[in-house]
Amino acid sequence: MAYCSAIIGYGGMGGWHHENIAARVPEIRVKGAWDIRPEMLEKAEEKGLYPYKSLEELLNDRELDLVTIAVPNNFHKELAIACLEHGKNVVCEKPVTLNAAELTEIIAVAEKTGRLFAVHQNRRWDKDFRIVKTILEQNTIGKPYYIESRVQGSRRAMHGWRSYKVNGGGMVYDWGVHLFDQLLWVLPGRVTQVYAQLFQVFSDEVDDNFKAMLRMEDGTSVLVEIATNCFINQPRWHVCCTDGTAVVEDWQCNGKIVRLNTDEEMGWDDEIVYTEAGPTRTMAPRPVQTTEVLPLPQVESDWSDYYKNIVGVLNGTAELIVKPEQSLRVMRLIDCVFESAREGRSIVCNI
Ligand SMILES: NC(=O)c1ccc[n+]([C@@H]2O[C@H](COP(=O)([O-])OP(=O)(O)OC[C@H]3O[C@@H](n4cnc5c(N)ncnc54)[C@H](O)[C@@H]3O)[C@@H](O)[C@H]2O)c1
């Protein structure tokens, strides 16, 4: 059965949803779009969509099974609730809301109406992330104890409304939410501590760079960093486990694994490095024969599985992958990130 959908907000991401659903998800027919800017409605019409004359017209369109919300972040809550109350199933862009309390309100309405509500955490389908997920799940290099997950750019400016506080701008909401969602999905246990520093290097209103440290209940630590003013990038992922290290350099998934291949204790006798100001044994290079270099695992990942999952849930044949309660954990974590930065201390939590 084909489901009929509409898009609210036909900007960059709204257009992307349309194009990609049309090309890759035959089970969904995108019928129309609503946008507060007339020129975007014209664009939607040019692309073959029905341009709704108002939000009310869209909400009252009984043909619609599904609505995708792709407007600036501060409008997500009111639109999601309106759609759910009009009996629509909803896919909402990230960050789903500006805080956990707002999302709790949406979830209550979804439960009351019995409609599907899912957040578009599309970066769960990123290959670089799937590689790390595979390494951890296959226990390739033992137990993780420290992971760095970064996205670094150098364009300084943030696009459009992203530099305004009222719209829920800033990099914690824009990119942090993806990286937090990935990590909470893949790491077991709860987050017990959060420490964050936000930077406003060029932005007047919102964070344009940030670093956040998370501590998980099993002792694993995670550094999440987003930069918009970094001119020499560090790896996208640096994964430290008990028996080796994995690096994924970039979105093209260059990188490698170096794994310990012996249980033997190292001898220390001749291993000494003299730096100009002194000797060290601890930091002397490990003998090469005690490690092996492995390629990163090959993974298959297809973003269209996101909407195929939505279709499966609507058909009653699949379990939702991006669950509202998972998104609620992410929003609670983001609440702690802002609280930590505001108060200049680490926040003890149970997320
Ligand atoms: N998941 C991803 O990979 C990804 C990537 C980019 C953006 N996004 C998210 O998508 C959403 C939109 O971002 P964008 O980059 O497309 O922004 P955009 O500015 O390109 O487009 C937003 C559109 O929404 C319209 N709009 C604004 N307020 C509206 C309202 N109240 N009702 C109807 N239309 C309204 C604007 O006129 C504009 O056309 C944001 O939540 C953003 O975080 C997600």
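Two residues are taken to be in contact if their C-beta atoms, placed from the backbone, lie within 7 Å. Among contacts in the protein chain between residues at least 6 apart in sequence, 69% join residues at least 24 apart. The model is a predicted one, in which local features need pLDDT of at least 70 and side-chain atom pairs count only at pLDDT 80 or more, while totals for chains, interfaces and linings use all residues. Residues are numbered from 1 along each chain as its sequence is written.

## Overall layout

The C-alpha trace of the protein chain spans about 80 × 45 × 35 Å along its principal axes. The chain holds nine helices and 17 strands, where helices (H or I, at least four residues) and strands (E, at least two) are DSSP runs numbered from the N terminus. Of its 351 residues, 38% count as buried; a residue is buried if 20 or more other C-beta atoms lie within 10 Å of its own, exposed if 12 or fewer, and partly exposed in between, with C-beta atoms placed from the backbone.

The domain assignment gives domain 1 (3-120) and domain 2 (124-302 + 332-348), and such bounds come from an automatic or database domain assignment. Eight residues from domain 1 and nine residues from domain 2 make up the contact between them. On the side of domain 1 that touches domain 2 there are four nonpolar, three polar and one charged residues; in this classification Ala, Val, Leu, Ile, Met, Phe, Trp, Tyr, Cys and Pro count as nonpolar, Asp, Glu, Lys and Arg as charged, and the others, Gly among them, as polar. The C-alpha centres of domain 1 and domain 2 lie 33 Å apart.

## The ligand shell

The shell around the ligand has 24 residues, of which Gly9, Gly11, Gly12, Met13 and Glu93 come nearest; a residue is near a molecule or strand if its C-beta atom, placed from the backbone, lies within 6 Å of it. By class, this shell has 11 nonpolar, eight polar and five charged residues. Helix H1 (residues 12-24) provides the largest share, three residues. Because domain 1 (3-120) and domain 2 (124-302 + 332-348) both give residues to the shell, the ligand shell lies between them.

An open sheet of six strands runs in the order S3-S2-S1-S4-S5-S6, with parallel pairing, where two strands pair if DSSP finds at least two bridges between them. Its edge strands, strand S3 (50-51) and strand S6 (117-119), each pair on one side only. The table sets out two of the pairings.

| Strand pair | Sense | Bridges |
|---|---|---|
| S1 and S2 | parallel | six bridges |
| S1 (residues 3-8) and S4 (residues 66-69) | parallel | four bridges |

Cys4 stands opposite Arg29 in S2, and Ala6 stands opposite Val67 in S4. Strand S2 (residues 28-34) is mostly covered, five of its seven residues being buried.

In helix H4 (residues 76-85), the buried residues are His76, Lys77, Leu79, Ala80, Cys83 and Leu84. These buried residues of H4 pack against S1, helix H3 (55-59), S4, strand S5 (89-92), helix H5 (100-113) and S6. Just after H4, Gly87 takes a positive phi of about 80°.

## The nonpolar core

A nonpolar core is a set of buried Ala, Val, Leu, Ile, Met, Phe, Trp, Tyr and Cys residues joined through C-beta atoms within 7 Å. The largest such core has 86 residues, and Leu333 and Val337 touch the most other members. Helix H7 (residues 171-186) gives the most to this core, with nine residues. Since domain 1 (3-120) and domain 2 (124-302 + 332-348) both give residues to this core, it lies between them. Not counting residues up to four places away in sequence, Val337 touches Val172, Gly176, Val194, Ala196 and Ala212.

## Two individual residues

Arg215 has its place in strand S9 (residues 209-216). Arg215 is partly exposed, because 18 other C-beta atoms lie within 10 Å. Leaving aside neighbours within four places in sequence, Arg215 is in contact with Thr192, Gln193 and Ser221. The C-alpha atoms of Arg215 and Tyr195, 20 residues apart along the chain, are separated by 8.9 Å.

Pro188 is found in the loop between H7 and strand S8 (191-199). Pro188 counts as exposed because it has 9 C-beta neighbours inside 10 Å. Between the C-alpha atoms of Pro188 and Asp335, which are 147 residues apart along the chain, the separation is 20 Å.
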